Amino acid sequence: MKRLAILGIAASTLALTACASLAPYGAQRGPGGQGYSEQRIESNRYRVTYNGVGAAGRVADWALVRAADLTTEQGYDWFEVTQSWTDGRPGGAGGVRPSVSLGGGTSRYGGYSASGVGVGVGLNFSGPQPTSTTLEIVMGRGAKPDSPYAYDARSVQGSIPR
């Protein structure tokens, strides 16, 4: 019976995971929806955001792809990431933080004494969570700068699958 309950929980978790997954690469269709959006800051500076569900690494990849697409659409050759945020945190420090809780207590009832210790573990039954990556980029023409934050737009387009 215990195995059946555990299998039921696992099946429920998988079913919820299947319902909420990353949509195909594309523009965001409404507030809170999945996909990319951008905001022009200056003629060659943009803020690019990609919102998705579940796959944080894939969402970050698609933010880079959108930055590359936008760069070539505007007639530029390369872009440099000047700032980045993941789930609203600077520098891409997003993600899940695991935690463990310990508790204990004693009680006297009817002349008897009892003690106990418990360990709590949080389980996510709601499925994959929304995530977003935002990049502030500066675009340029010609030779790409010698910086670890600079990307050749066409190379990014060719190396990250959609």
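Student: In E8, which residue is the bridge partner of Glu80?
Tutor: Helices (H or I, at least four residues) and strands (E, at least two) are DSSP runs, numbered from the N terminus. Two strands pair if DSSP finds at least two bridges between them. E3 and E8 meet that rule, with 3 bridges in the antiparallel sense. In E8, Glu80 has as its bridge partner Ala150.

Student: What kind of model is this, and what pLDDT do local features need?
Tutor: Residues are numbered from 1 along each chain as its sequence is written, and side-chain values use heavy atoms, without hydrogens or water. This is a predicted model: totals for chains, interfaces and linings use all residues, side-chain atom pairs count only at pLDDT 80 or more, and local features need pLDDT of at least 70.

Student: What is the mean pLDDT of the chain?
Tutor: pLDDT is the predictor's confidence in each residue, from 0 to 100. In this chain, 65% of the residues reach 70 or more. The mean is 80.

Student: How many contacts beyond four places in sequence does the model have for residues 4-19?
Tutor: Contact means heavy atoms within 4.5 Å. Residues 4-19 stay under 50 in pLDDT. Residues 92-99 are also below 50, with 9 contacts beyond near neighbours in sequence. For residues 4-19, the number of contacts beyond four places is 9.

Student: In what order do the elements of the chain run?
Tutor: The chain has 3 helices and 8 strands. From the N terminus on, the order is α-β-β-α-β-β-β-β-β-β-α.

Student: Is Val81 buried or exposed?
Tutor: Val81 lies in strand E3, residues 78-86. Buried means under 20% relative accessible area, exposed over 50%, partly exposed in between (1.4 Å probe, protein chains only). Val81 has a relative accessible area of 13%, so it counts as buried.

Student: Which residue in E7 does Val81 stand opposite?
Tutor: E3 and E7 run antiparallel, joined by 8 bridges. Phe79 has Met139 as its bridge partner in E7. Beyond four places in sequence, Val81 contacts Leu135, Glu136, Ile137, Tyr149 and Tyr151. Across in E7, Val81 stands opposite Ile137.

Student: How many of the 11 residues of E7 are buried?
Tutor: Ser132 has its place in E7. Its relative accessible area is 16%, so Ser132 is buried. Ser132 contacts Thr49, Tyr50, Asn51, Val59, Trp85, Thr86 and Asp87, leaving aside neighbours within four places. E7 is mostly covered, and its buried residues number 10.

Student: Which residue in the turn between E3 and E4 has a positive phi?
Tutor: E3 pairs with strand E4 (residues 89-90) in the antiparallel sense over 2 bridges. Thr86 stands opposite Arg89 in E4. The two strands form a hairpin with 2 residues between them, and the turn residue with a positive phi of about 50° is Asp87.

Student: How far does helix H2 reach from its first C-alpha to its last?
Tutor: The expected span of a helix is 1.5 Å times one less than its number of residues. H2 covers residues 56-73, which is 18 residues. Just after H2, Gly75 takes a positive phi of about 85°. The helix is close to its expected span, reaching 26 Å.

Student: What share of the 162 residues in the chain is buried?
Tutor: Accessible areas come from the Shrake-Rupley method with a 1.4 Å probe; for residues, only the protein chains shown count as cover. The accessible surface of the chain comes to about 10,400 Å², with 56% belonging to carbon and sulfur atoms. Buried residues make up 27%.
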